[in-house]
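Hi,

Here is the structure I said I'd pass on.

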Amino acid sequence: MFGSIRKKLGLIFSLNDPRWGRGPQDEDGKEPRQTGRPNDGPPDLDQLWREFNQRINRLFRGKGGGGAGGGSSNDGDDARNAGISAGVAGAVILFLWLVSGFFIVQEGQTGIVLTFGKYSHSAQPGFNWRWPYPIQTQETVNLSQVRTVEVGYRSNVRNKLARESLMLTDDENIIDIQFAVQYRLKDASAWVFNNRDQEETVKQVAETAIREVVGKSKMDFVLYEGREKVAFDTSTLMQQILDRYATGVLVANVTMQAVQPPEQVQAAFDDAVKAGQDRERQKNEGQAYANDVVPKARGAASRLMQESEGYRARVVANAEGEAARFNKVLVEYQRAPAVMRDRLYIEAMQQIFANKLIAQTAAEAASGVTAPATAATPPAASNEPPLNEGRIDRNRERSLRDRESR
């Protein structure tokens with residue numbers, strides 16, 4: 001029995017071959033006594049095992065044990081030694097079994113400890129211990145890693161998958177979309193136990209979410225100004241669905257890789273886009289012309305309005321002035337009718353002759369003929385009073401007499 005245990009332990013502590021490094025054996029399988037010459041290989045494991053057993057025996061053997069006690073005493077010692085060796089071997093094996101329960105969790109990761117295949121607890125980063133196999137096992141999950149799932153393509157946008165990328169918009173148009181979803185894990189136990197195929201689940205949720213968002217949007221909105229909003233709405237809807245199913249996933253970003261019409265109608269769509277661009281260009285040109293003409297027309301209209309207002313104000317002011325002057329003249333006329341009649345007559349004649357001279361001068365200047373010097377010189381002064389002056393004096397005296405008589 002002791003020999004069989006020794007052989008088994010020799011197999012455990014050896015590297016590959018239990019006889020590795022051993023010297024030649026005799027016919028009984030025992031090693032010859034060591035000589036003073038050192039061996040060429042490593043120490044003999046059997047010799048080390050015998051020395052270890054001898055030390056253990058000396059520790060537990062009494063002082064009176066040993067000597068020539070006959071064959072029965074030797075058999076008893078062998079049995080006791082075998083029991084002690086078996087206990088030591090069991091202790092060593094138990095120690096090694098318990099030591100195998102230690103494990104290390106790296107930073108950014110978490111450990112999932114299972115007891116007979118059922119979730120027990122989560123292990124934090126650092127040095128941890130669990131009950132060794134087969135009682136407990138652990139599984140390490142990386143929480144800091146940013147994972148990516150692709151929808152509509154694989155590795156390159158040219159490698160399209162029409163089954164995933166073709167979608168129907170709200171205005172009943174088909175659109176081709178390729179996008180990528182980046183996500184992290186926020187609950188390791190939910191990621192491991194609540195999903196059968198984790199990446200496939202995330203991909204199906206992403207496809208479902210974007211089909212719902214695109215199905216509520218117009219084609220032009222998705223193609224042009226609404227890309228960022230479509231990506232944001234898809235990310236929000238994905239997170240809601242993933243939380244509803246308790247997948248332990250946190251959506252980090254949704255990136256739109258390519259958004260375009262299907263390849264079969266790409267040429268017709270390009271023509272429609274070009275026609276739309278031409279329409280916008282002509283509209284811009286018309287708007288620019290209107291912006292140039294309308295302000296000028298408004299300025300001219302404003303100028304005419306101001307001129308008309310000025311003309312109206314001038315005419316009204318002249319009329320009011322003439323009316324006021326007429327009222328004053330009327331008052332003076334009522335006081336001295338004859339004098340006012342003569343005065344008005346003289347003023348009228350002066351204005352007529354002045355206008356006539358001005359017209360004649362303008363006509364002569366236009367024809368290039370200069371008037372004779374005699375016409376321009378004033379008449380010589382005379383000591384005799386003019387006829388009109390005497391008449392005016394008489395009228396003035398008559399009016400004064402009439403006023404005195406009144």
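Which residues touch the most other members in the largest nonpolar core? They are Ile175, Ile177, Phe179, Val181, Trp191, Met238 and Met256, out of 37 residues in that core. By nonpolar core I mean a set of buried Ala, Val, Leu, Ile, Met, Phe, Trp, Tyr and Cys residues joined through side-chain atoms within 4.5 Å; buried is under 20% relative accessible area, exposed over 50%, and partly exposed in between, with a 1.4 Å probe and protein chains only.

Before going on, some housekeeping. This is a predicted model, where local features need pLDDT of at least 70 and side-chain atom pairs count only at pLDDT 80 or more, while totals for chains, interfaces and linings use all residues. Residues are numbered from 1 along each chain as its sequence is written, and side-chain values use heavy atoms, with hydrogens and water left out.

Back to the core: the elements giving it two or more residues include strand S10 (174-185), helix H6 (198-215) and strand S11 (249-260). H6 supplies the largest share, seven residues. (Helices, H or I with at least four residues, and strands, E with at least two, are DSSP runs numbered from the N terminus.) Trp191 has contacts (heavy atoms within 4.5 Å) with Val141, Arg147, Tyr183, Leu185, Gln198, Glu199, Val202, Thr247 and Val249, leaving out residues up to four places away in sequence.

Asp176 sits in strand S10 and is buried, at 4% relative accessible area. Its side chain makes polar contacts with the side chains of Ser165 at 2.8 Å and Gln178 at 2.6 Å. A polar contact here is a pair of N or O atoms within 3.5 Å; within protein, one must be able to donate a hydrogen and the other to accept it, and residues adjacent in sequence count only if both atoms are side-chain atoms. Glu207, in helix H6, is buried as well, at 14% relative accessibility. Beyond its neighbours within four places in sequence, Glu207 touches Val151, Arg163 and Glu164.

Last, the helix pair. The axes of H9 (residues 266-335) and H10 (residues 337-367) come within 5 Å and cross at roughly 130°. Axes are lines fitted to C-alpha atoms, for helices over the stretch in contact, and angles run from 0 to 180 degrees between N-to-C directions. In H9, Val329, Glu332, Tyr333, Gln334 and Arg335 meet Pro337, Met340, Arg341 and Leu344 of H10.

Cheers
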